[in-house]
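Hi,

Here's the structure I promised to send over. Have a look at it first, and then read on for what I found.

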Amino acid sequence: ESEMWEILLAIQFVASLGMNNVIFELDCNLVVDKIRCSVIDISKLAAIVGDCKIFLSHKPTYDIDFVKRQANCVASELAKVILSLPSLCTFNHVLPYIEHLINNEMI
């Protein structure tokens, strides 16, 4: 349930920024399948799934894809770094402790 809430909040946040051509990568296949499924959801997550589908239907340049958890390690490490910072900032270079993850991902 928490993953479904997180993707809904992420979609709403990115939409509020006016961003286009966004791909949301999730390592929870169940969430991706529920959002992509054309069958009406009757589970306890139906309302959240419905909200996700409505937002995505209004943003045709948004997509949701499943990625294996191992392939998502760069995003996880970046999130940890961002959460440890006192305020938002922009990096003009790849941080040394993230660079090896990115290089491994490209192999």
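How many bridges join strand 1 to strand 2, and which way do the two run? Five, and the strands run parallel. Bear in mind that this is a predicted model.

Strand 1 covers residues 22-26, and its side chains alternate. Across the pairing, Asp63 of strand 2 stands opposite Ile23. Strand 2 itself is made up of residues 62-66.

Next, helix 3. With 13 residues (46-58), helix 3 reaches 18 Å from its first C-alpha to its last, close to the 18 Å expected at 1.5 Å a residue. Its buried residues are Ile48, Val49, Cys52 and Leu56. Viewed down the helix axis, these fall within an arc of 100°, so they line one face of helix 3.

What do the buried residues of helix 3 pack against? Their partners are helix 1 (2-16), helix 2 (29-36) and strand 2. On the face turned away from the buried side, helix 3 carries the exposed residues Ala47, Ser57 and His58.

Last, the cysteines. I found zero disulfides in the structure. Cys28 counts as buried, because its relative accessibility is 18%, under the 20% cut-off. Cys37, at 33% relative accessible area, is partly exposed.

Cheers

Conventions:
Residues numbered from 1 in each chain as written. Predicted model: local features only at pLDDT ≥ 70, side-chain atom pairs only at ≥ 80, totals over all residues. Heavy atoms only, no water. Disulfide = S-S within 2.5 Å. Buried < 20%, exposed > 50% of the residue type's maximum accessible area, 1.4 Å probe, protein only. Helix = DSSP H or I, 4+ residues; strand = E, 2+ residues; numbered from the N terminus. Pairing = 2+ DSSP bridges. Expected span 1.5 Å × (residues − 1). Arc of directions from axis to C-beta. Contact = heavy atoms within 4.5 Å.
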